[in-house]
Amino acid sequence: MNDMLRIDNLHKRFGDLTVLAGIDMRVAAGETVVLLGSSGCGKSTLLRCINFMETPSAGRIYLHGRLVGEQRNGGMRYRERELCKLRTRIGMVFQHFNLFPHMTVLQNIMEGQVTVLKRGASEAANKAREQLARVGLSDKASEYPARLSGGQKQRVAIARALAMDPDIMLFDEVTSALDPELVGEVLKTMRQLTEEGMTMVVVTHELGFAYHVANRVLFLDQGVILEQGEPQQVLKQPATQRMREFLDGHSLFKLPD
Amino acid sequence: MNHAWDFAAILANWQVLWVGLQGTLTVFAATVTLGLGGGLLVGVCRYAKMPLLRLPSMAFVEVFRNTPVLVQIIWFYYAFPILTGVEVNPFLAATLGISLNTMAFSAEIYRAGIQSIEPGQWEAGKALGMAYQQTLRRIILPVALKRVLPALTNRGIEVFKMSTLASVVAYIETLNQAKLIADLNFNPIESYTTVALIFFVVLYPVVQGTYILERMLRKSE
Ligand SMILES: Nc1ncnc2c1ncn2[C@@H]1O[C@H](COP(=O)(O)OP(=O)(O)OP(=O)(O)O)[C@@H](O)[C@H]1O
Ligand SMILES: [Mg+2]
């Protein structure tokens, strides 16, 4: 049992709208899983349930084999303190970077370490520099976010999440807001993380990344995981009609033979 | 209308005005601190999700935003002691009236500032494991305050000028002292012109200073 993340029968409703209708999913330590699905199918919602930015309507989530929350008369109860702690172990990177504009790059990467993990300033600064080097932006430490390109911002955001030493990283369409020529540098950083053995759940429309980097691809459709498997399998020989239609919509992407 | 301007009586009584200005500055210091400081608290509560915080702060804002300061000062001076048996001196009445009103107005400024921050900033803080107050204090407020600084400056100027309302309960401040001089020397024109001048001379450099501060803050982005 070396699942880093295990999700059992996860449901999420917004009022009358059921977005997730029973998700079962496991992510092994060191695995990179790509989550595919058409727009509005609930990919972000699923990611946000994993770090409890959204509270699941039902279901269980285990991190490192430990159940998050407590069981109370059939349902789950979550304490904000526990969730805050949990989130420090789950890194999240957003489509729109969400860097803190009033802080330098270095301060951005130090913030969570100092405020949440209570690391000392010099330890946090060292760690921040380490992570900046990892994403190839050592020379930008004292720059403000406004002066970075989109690709650089996103790599800083990745460094900010990594500095917390997370067990798992969540990426929500992190290249969707970038100019096409800047997508590559971010994907390269993510690929490098995969190779270093980081556990990752990645929502993306970059099928090339899914094909070449992912260990596994999941296809989310109508609230459930309709299809999953190795990328070569799922992307080239989809088993379901829905998946075939989804892939046809991405005709710009040419899979290598 | 041929008025022969004569400031001799004013100059002879400069100490009277000086005492008044000290009173003005005292009431200003108290009201601007309480008003803008307390307003931040009310504004944050106004934005809170918990009804226990949001509803009372909302009621507070509506009550004090929609009643005249002058009436509040008079009410605290004459009505409050009768209702509670607590003695209220002119300084306290004026400070309460002006501060509460300023809290109500500045609370709305702070709230608008907090609301202007992109939701992604809250999310980023939360995703790092920060608690609500930590995100508010470290991420949201620094940027929000910077954005509302011009509006707060305006409020501050307003507060300074509102201090003259304290004269209604005979608090010793600039306008009240000028009235004293005017009544004794029959020179209302010179007396009240001097009051206007004093306010201008104090405010103008301060306002210029805040412009410079705003420009410096903008550059740091
Ligand atoms: N806070 C919310 N309140 C109500 N409805 C929501 C909320 N968040 C998401 N939804 C709805 O849930 C559904 C799934 O949204 P979600 O953002 O998870 O989709 P997605 O797969 O990430 O889409 P996209 O590819 O456009 O990012 C949508 O219909 C959306 O309108
Ligand atoms: Mg999404």
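View 1. A backbone N or O atom of Cys41(A) lies 3.2 Å from an oxygen atom of ligand 1. A polar side-chain atom of Ser39(A) is 2.8 Å from a ligand 1 oxygen, and a side-chain N or O atom of Glu173(A) is 3.1 Å from an oxygen of ligand 1. Taken alone, ligand 1 exposes 630 Å², of which the protein buries 59% (Shrake-Rupley areas, 1.4 Å probe).

**View 2. The shell around ligand 1.** Residues that surround the ligand include Phe14(A), Leu17(A), Val19(A), Lys43(A), Ser44(A) and Thr45(A), where near means a heavy atom within 4 Å. The shell divides into four nonpolar, six polar and two charged residues; Gly counts as polar and Cys as nonpolar. Elements giving two or more residues are β2 (17-28) and α1 (43-50) of chain A, and α1(A) gives the most, with three. Helices (H or I, at least four residues) and strands (E, at least two) are DSSP runs.

**View 3. A nonpolar surface patch on chain B.** Trp5(B), Phe7(B), Leu11(B) and Ile189(B) make a patch of about 420 Å². Patch residues have over 30% relative accessible area and no salt bridge, with nonpolar side chains joined within 5 Å; a salt bridge is a Lys or Arg side-chain nitrogen within 4 Å of an Asp or Glu carboxyl oxygen. Leu11(B) sits in helix α1 (residues 8-12) of chain B and is exposed, at 61% relative accessible area (exposed means over 50%).

**Notes.** Residues are numbered from 1 along each chain as its sequence is written, and chains are lettered from A and ligands numbered from 1 in the order written. In this predicted model local features need pLDDT of at least 70, side-chain atom pairs count only at pLDDT 80 or more, and totals for chains, interfaces and linings use all residues, while side-chain values use heavy atoms, leaving out hydrogens and water.

Definitions and conventions: Polar contact = N/O pair within 3.5 Å; in protein donor to acceptor, adjacent residues only side chain to side chain. Patch = residues over 30% accessible without salt bridge, like charges linked within 9 Å, V, L, I, M, F, W, Y side chains within 5 Å. Buried < 20%, exposed > 50% of the residue type's maximum accessible area, 1.4 Å probe, protein only.
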